[in-house]
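Please work through the exercises below with the sequence and the structure at hand. Each exercise is a task followed by a solution in steps.

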Amino acid sequence: MVDILDTESLEDDVGYDYDTTKIPEIVTPDDMNESGYQEGSEYSDKSYGDRRDSKEGFGGEGDSDSGVDGVSSGCSTADDCPVVSINDVVAYYDDIRPRKRYVPQLNFYNVDIERMTMDAIAQSESSYTSSEEGCGAGERHAVLSYEQVRRLNDVMDEVVAIHGRGNFPTLHVRLRELVAGVRARLEASQSTGGAGITVRDVRLNGGAASHVLADRPQPYSDIDLIFTAELPTARHCDRVKAAVLGHLSTLLPPATPRRRASTAGLKEAYVSKMVRVNSDGDRWSLISLGNSRGHKSVELKFVDTMRRQFEFSVDSFQIALDSLLAFHECAQLPIGENFYPTVVGESVYGDFNEALLHLAEKLIATRQPEEIRGGGLLKYCALLAKGYRPARPDKIKTLERYMCSRFFIDFPELGQQRAKLEAYLRNHFVGREEEALKHRYLTLLHAVVRESTVCLMGHERRQTLALIEALACRELCARAPLLVAAVVPPAGYFVCVCAACAACAACAACGPQPAPAPAPAPAPCCDCCRPQLCPA
């Protein structure tokens, strides 16, 4: 016979009473076959779950009056019940046993509504939010202070200029009005010219978000806006593009001929970059507005899913704009210290406070560097040129090797590398102070590629280094008039600042003149140092 169970040791059963008259007879292992039923029994070829669902052997479907599946009044004695094994008995009572559930106790006299809201936001991650594991133990969300909300309101109240090519007029629009208009177009039905797409939320991202959260001013070259929506097919992306261009057509001056407001014409005039990604778990599209160098461009990113949403912790901030937009639609009073909306910020790096500390201390940190795309190397060197330093100097060489390898995987050809570098210099170094950092940036990039590239052949590595040297010489030559004007060279002699033109260290235009004639005033720069004539 089997061992008798000690009912006193079953602490989980305390407080539950069972009708022992309905417990089926327990048979010995010798009397059972492999299925747990007696040989020759009519239930030997049926599992416990099948019989329980069909209620066979439990009094029939119409005989049950207990309200519990599998227990019926038709089985009044143990002799009337089917013979089952001890495993079926345990499984049966596990199935009908009441569950103990934890009920949280709330103190209704002291409920922190803001804290409860933040916990709910942290627990409910959308499909667009990063799912990286091990991203820090701190909170990834935080409520913005009044000063941060005020800076955010100033950014959203800024009038941005969307420059057009050719004779298309420049569009001037307030940023929050542009966001509200694009969102309304996306959510409008297709019959009315919209996209028929539900927008989950709108966020401010990138350098503008870092500027809002930082204690000191942070320059930013463009304004990144994220619209999270469902984009299951390429047709949805086409509808998004049509909705954005349709909203731009409403911003044209009234005197503009309608024939010029076609979709193709607006795209050629006002869209500087358009990207669509639908592979490897990424489904998003990007439309960059603005075609004028030296002015902030507006990048509209429409995201369904995105695996990697940041490169480094200092650019991982996202600020939800829905509450601020709703505030301006409903409130009659301006934002004040005692009257402003609750705005939530998020760091997709994983720890909001840690990322904010990195931003304040100018530290470079990231997670999963192998996932950073090729542009991460250029961003890393730009941070170094702006005075940032690694948060983990002992790990930085590994990070550099990862980024160099990914850069040459994404841009294997020399022509692609040149195009990428020139576009990065043109788009991310805007303004007098930023342009002064170009030569330093290229010098740092040259050092990183020289020391941390392990995936190239020798001649390929030398070609890339030569390309960076040529770009650095060009940038130095472009600034040579500014550098030489500040220093008066000695009379009759001038040393060229262009490192690539060693032959003109004492050229005729700047060298000494014959003795009979008075020496002319030295030229500020020889011809080889002029940007349009520089051979570099």
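The model is predicted, so local features need pLDDT of at least 70 and side-chain atom pairs count only at pLDDT 80 or more, while totals for chains, interfaces and linings use all residues. Residues are numbered from 1 along each chain as its sequence is written, and side-chain values use heavy atoms, with hydrogens and water left out.

**Exercise 1. The whole protein**

Task: State how many helices and strands the protein has, and what percentage of its residues count as buried.

Solution. 
Step 1. Helices (H or I, at least four residues) and strands (E, at least two) are DSSP runs, numbered from the N terminus. The protein has 17 helices and twelve strands.
Step 2. Buried means under 20% relative accessible area, exposed over 50%, and partly exposed in between, with a 1.4 Å probe and protein chains only. Of the 536 residues, 42% count as buried.
Step 3. A contact means heavy atoms within 4.5 Å. Among contacts with a separation of 6 or more, 66% come from residues 24 or more positions apart.

**Exercise 2. Strand partners**

Task: Follow the antiparallel pairings of E4 with E9 and E5, and then find the pairing of E7 with E8.

Solution. 
Step 1. E4 pairs with strand E9 (residues 317-320) in the antiparallel sense over three bridges. Here Leu204 stands opposite Ile319 in E9.
Step 2. E9 is also antiparallel to strand E10 (residues 344-347), again over three bridges. The bridge partner of Ile319 in E10 is Gly345.
Step 3. E4 and strand E5 (residues 222-229) run antiparallel and are joined by six bridges. In E5, Thr228 is the bridge partner of Asp201.
Step 4. Strand E7 (residues 282-289) and strand E8 (residues 297-305) are an antiparallel pair with seven bridges. Arg283 stands opposite Thr305 in E8.

**Exercise 3. Two residues in their surroundings**

Task: Decide whether Arg203 is buried or exposed, and do likewise for His247.

Solution. 
Step 1. Arg203 belongs to strand E4 (residues 199-205). Six of the seven residues of E4 are buried, so the strand is mostly covered.
Step 2. Arg203 counts as buried because its relative accessibility is 10%.
Step 3. A polar contact is a pair of N or O atoms within 3.5 Å; within protein, one must be able to donate a hydrogen and the other to accept it, and residues adjacent in sequence count only if both atoms are side-chain atoms. The side chains of Arg203 and Glu346 are joined by a polar contact of 2.6 Å. Along the chain these two residues are 143 residues apart, while their C-alpha atoms are separated by 9.8 Å.
Step 4. His247 lies in helix H7 (residues 234-250). Its relative accessible area is 11%, so His247 is buried. Not counting residues up to four places away in sequence, His247 touches Glu177, Leu178, Gly181, Val182 and Arg185.

**Exercise 4. Aromatic rings**

Task: Classify the ring pairs of Phe407 with Phe408 and with Phe411.

Solution. 
Step 1. Rings of Phe, Tyr and Trp (its six-membered ring) pair if their centres lie within 6.5 Å; planes under 30 degrees apart count as stacked, over 60 as edge-to-face and the rest as tilted. The structure holds twelve aromatic pairs.
Step 2. Phe407 and Phe408 are edge-to-face, with 5.3 Å centre to centre and 80° between the planes.
Step 3. The ring centres of Phe407 and Phe411 are 5.2 Å apart with planes at 45°, so this pair is tilted.
Step 4. Ring pairs link Phe407, Phe408 and Phe411 into a cluster. Phe407 and Phe408 are buried, and Phe411 is buried too.

Note on methods. Pairing = 2+ DSSP bridges.
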